[in-house]
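Please look through the sequence and the structure below before reading on. The briefing that follows is arranged by topic.

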Amino acid sequence: MNLDGETNLKLKQALEVTSSLNEEDLKDFRATIKCEDPNANLYSFVGTMEFEEQQHSLSPQQLLLRDSKLRNTDHIYGAVIFTGHDTKVIQNSTEPPSKRSKIEKKMDKIVYLLFGVLFLMAFVGSVYFGVVTKNDSDRRWYLRPDDANVFFDPKRATFAAVFHFLTALLLYSYLIPISLYVSIEIVKVLQSIFINQDVNMYYEETDKPARTRTSNLNEELGQVDTILSDKTGTLTCNSMEFIKCSIAGIAYGYGVTEVEKTMAKRKGSPYNSSQIRSTIKGFNFDDERIVNGNWVNGPRSDVVEKFFRLLAICHTAIPDIDENTGKVTYEAESPDEAAFVIAAKELGFEFFKRTQTSVHVNELCPVIGESVKRSYKLLNIIEFNSSRKRMSVIVRDEEGNLLLLCKGADSVMFERLAENGREYEKETREHVNEYADAGLRTLILAYRKLGEQEYNLFEEKFLEAKNSISVDRGARIDEVTEEIEKDLILLGATAVEDKLQQGVPECIDKLAQAGIKIWVLTGDKMETAINIGYACSLLRQGMKQITITLDKPEITALEKTGDNDVIAKASKQSVVRQIIEGKNQVDDLNSEALALIIDGKSLAYALDEDVKKLFLELAIGCASVICCRSSPKQKALVTRLVKEGTKKITLAIGDGANDVGMLQEADIGIGISGVEGMQAVMSSDIAIAQFRFLERLLLVHGHWCYRRISSMICYFFYKNVTFGFTVFLYEAAASFSGQPAYNDWFLSLYNVFFTSLPVIAMGVFDQDVSATYCLKFPLLYQEGMQNVLFSWRRIIGWMLNGVCSAVIIFFLCVKTLSPQGFNKQGKIAEYQILGATMYTCVVWVVNCQMALAISYFTLIQHVFIWGGVAAWYLFLLAYGAMPPKISTTGYRVFVETLAPTPFFYLVTAFVVVSALVPYFAYKAVQMRFFPMYHGMIQWIRYEGKIEDPGYCEIVRQRSIRPTTVGLTARSLARTSPLKDNKNQRSR
């Protein structure tokens, strides 16, 4: 069933009383189903079926959701419960969150600003025009004001000013870059295609490339300030391997985990790197005392037998037998459950068949030393959930014994042990703590024998609770199971490893060098999360840790009283006190890298309205943050807190359904297409296959997209301001008479043919530095984080550059063309010639400006830039050849007037060079004396110092902050351990 996005199979079974019905029986089948109202919960279903005058409870195990895919069965017979809008797939359908980049929102503000400038220009011109029209009857005699319409009539100057205002709004509307929005959408789609086609983000093992599911957020990839990451399946592989176990107080398994290797390196002690890895997926166990049936001759072999028998029986996995080879594979609801069944199989307890009411296992018999087939009647399955934190099955063996087999988290299992079942508790607790320190996930295994009377009483209550269709059905079931899941006898503990994905430490190191903060939000135990933090270099030796937890004696003592109000009040006070103490540490040790670690209980209070601001201030002062035992809702709330509290770009990355809220809440949601299914991917903005691809996605594509979009928008405003202000200046020189400087077609085609394609090419192809240098010098990324390329200063600077270019173009064209003769016949430059010359200069200037602004030329950019200029001349020829009724002021203006006149070319060249000199001078001074980050890298490349390790290291060090994390920071801390102490003493 994949409605929830998970790819693992879910066990679905008919009721035992109906499982044997065939097609003939169904003709006379009569039953009544009562169930809950339609709702969106995928994981619960409350209902009963009355059949043959008996009530039978219905659970999610009997419910097939719409869009389910059937496996391991030929056909089914069913009754439809919900249809249409009542189905859970429709109940779960929600409007996707609307996400829009901050650059686009800022661009809207710039457009509003330009609208304001437009209205101001039109208003000033209209007032001036109204005043002049009212007071002028002689100076502009050629307008014949006495015989004029409203526009120049001194008696109706107010109306003339109003009409001029409307005319000016249309005339100056070219200031507003309407085509910018279309151009940006085109550019973003093409950028997304390049991201999708990047072979360096293609994962061959699963045949999955990067996939951008929306193009709205490309540029925000270059501005990420904080990454909030899931752990399991995101930093780790979510491919569990059975590596160690503790049975009867004895630890088994010699495997060395990635965390243990990292811890050994941290302590400077050697470790055995010659370990032989198993070729069996999910099984990496090595201990000669257990393998190959050697456990039969070992100590407490009876406990070992029960331990692996429990692993082979207590699960919901489905065996799949290959008909050709006879090999058994398993489909399980989770990777760790599959690892348990595989481990049991490899160690002599092969689960090979499941029916509606039985489980069949090939067991290694310690008496005869051979495998024997045994069947266990499956009476009840009490499934795992996040509140119970355990799973149990009740079976009857071939000897008629009733057994309750249970596995679960240590936090709930030890308290359920019987007095005579705690023989190995001390040793098992020690081993579990050791396994947690090694980054392993642990479960406690225990069992008990049931009496017939006890079981019959339980079954009666259990059926009654399951047949209930009230709201508290779940609570009633839990209450009944609580009574029987007690007085257990401890067998031992399992430990499975979820390995770090390839390249995770290196990726985190590069992201940290770029100045990005990394938070880990996980549901794992604190010890496991901390050790994974060490393994992926989020934590390092010597880094001070601020730990906020409610596992304190005073809180534990209060919890025993059962007074919830008192417990809640004391817990909140404890959390607030710890946050304040941590904040004081941050203030006192502001030169040191600090790590914040908080558990789920504490996080619940830290996210309260009156505490969360204080918690955020502490968190952003730390180099890394790890939230343990956090629920999906808490992940989303933490993401919202960081996004709204810092007002900076947040990126969430996860792989499972429990990460969906976090992905949708963040500015950018990255889904990992891993083994947990596609729910995270379906809710994400961008999908990648491995965490390490985040390095290239942000540092290369993010930086490029941010730079391209920012430069593209600034240039777009520049070229429109340049064009629009020449129109304004000409109209001002014409006494605000409403006379346009250019032909109507010239005005209409400026943004369509002559200047549009170069800016699109810039947004798609431009690179300040290559991908290699983006990765070599992560400091480049800080340009996006600081938003230096799209700050108001830079935007206004480009607009002033446009005004400057417009002033130079207008006044030089007017002064050079008037009043002397334009050609050898002595013809002066009329407004048609002046307009065409000015337009030619504008086209040349804005396209040459583009050539100066581009850092990376391609053939396409050359074609678009110089093609835009050539297109203007070709248009002038074609348009001028049309009849005067069509071409109006453009009739043969190029062929007869401009082209034969050398002065036209001299004016064009002189004006273009003069208009570009201010920008060229500014860039030359900035590049030489005040280079930005990308300018520094360009100088390194230009001067040939890219192979000079010393010089490159000086530049690279500028990107490493004193509070950063990662391999580089760990290396620096190791080589200069006294640095922080010196800084502290100097204060």
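**An antiparallel pair and its sheet**

Strand E2 (residues 47-51) and strand E3 pair in the antiparallel sense over five bridges. This is a predicted model, in which local features need pLDDT of at least 70 and side-chain atom pairs count only at pLDDT 80 or more, while totals for chains, interfaces and linings use all residues. Residues are numbered from 1 along each chain as its sequence is written, and side-chain values use heavy atoms, with hydrogens and water left out.

**Terms for strands and helices**

- Helices (H or I, at least four residues) and strands (E, at least two) are DSSP runs, numbered from the N terminus.
- Two strands pair if DSSP finds at least two bridges between them.
- Strands of a sheet pair through backbone hydrogen bonds, either parallel or antiparallel.

**The sheet E1-E2-E3**

- Three strands form an open sheet in the order E1-E2-E3, and the pairing is antiparallel.
- Strand E1 (32-35) and strand E3 (54-58) are the edge strands, each pairing on one side only.
- From one strand to the next, the twist averages 25°; axes are lines fitted to C-alpha atoms, for helices over the stretch in contact, and angles run from 0 to 180 degrees between N-to-C directions.
- Threonine 48 stands opposite serine 57 in E3.
- Helix H11 (residues 452-467) packs on the sheet and touches E2 and E3, where contact means heavy atoms within 4.5 Å. The direction of H11 makes about 70° with that of E3.

- Strand E14 (residues 402-408) is mostly covered, with seven of its seven residues buried. Buried means under 20% relative accessible area, exposed over 50%, and partly exposed in between (1.4 Å probe, protein chains only).
- Leu402, Leu404, Cys406 and Gly408 point one way from E14, Leu403, Leu405 and Lys407 point the other way, and all are buried.
- Strand E13 (residues 390-396) pairs with E14 in the antiparallel sense over seven bridges, and isoleucine 394 stands opposite leucine 404 in E14.
- The hairpin of E13 and E14 has five residues between the strands, and glycine 400 in this hairpin takes a positive phi near 90°.
- E14 also pairs with strand E15 (residues 440-450), in the antiparallel sense over seven bridges. Here cysteine 406 stands opposite alanine 446 in E15.

- Most residues other than glycine have a negative phi.
- Asparagine 292 has a positive phi, near 55°. Its place is in the loop between helix H6 (258-267) and helix H7 (301-313), and asparagine 292 counts as exposed because its relative accessibility is 73%.
- Arginine 892 has a positive phi of about 50° although it is not a glycine. Arginine 892 lies in the loop between helix H30 (884-887) and helix H31 (893-898) and counts as partly exposed at 30% relative accessibility.

**A buried glutamine**

- Glutamine 13 is found in the segment before helix H1 (23-26).
- With 13% relative accessibility, glutamine 13 counts as buried.
- Not counting residues up to four places away in sequence, glutamine 13 touches Gln61, Gln62, Arg354, Thr355 and Gln356.

**Salt bridges**

- A salt bridge is a side-chain nitrogen of Lys or Arg within 4 Å of a carboxyl oxygen of Asp or Glu. By this rule the count comes to 37 salt bridges.
- Arginine 100 and glutamate 104 meet through their side chains in a salt bridge (3.1 Å, N to O). Arginine 100 is partly exposed, with a relative accessible area of 33%, whereas glutamate 104 is buried at 7%.
- Glutamate 219 and lysine 188 form a salt bridge (2.9 Å, N to O). Glutamate 219 lies in the loop between strand E4 (211-212) and strand E5 (224-229) and lysine 188 in helix H5 (residues 179-196), so the pair ties together parts that are 31 residues apart in sequence.
- Glutamate 219 is buried, with a relative accessible area of 0%, and lysine 188 is buried with a value of 0%.
- Aspartate 225 and lysine 517 form a salt bridge (3.7 Å, N to O). Aspartate 225 lies in strand E5 and lysine 517 in strand E17 (residues 517-521), so this pair ties together parts that are 292 residues apart in sequence.
- Aspartate 225 is buried at 8% relative accessible area, and lysine 517 is buried at 19%.
- Salt bridges that share partners join Arg100, Glu104, Asp108, Lys188 and Glu219 into one network.
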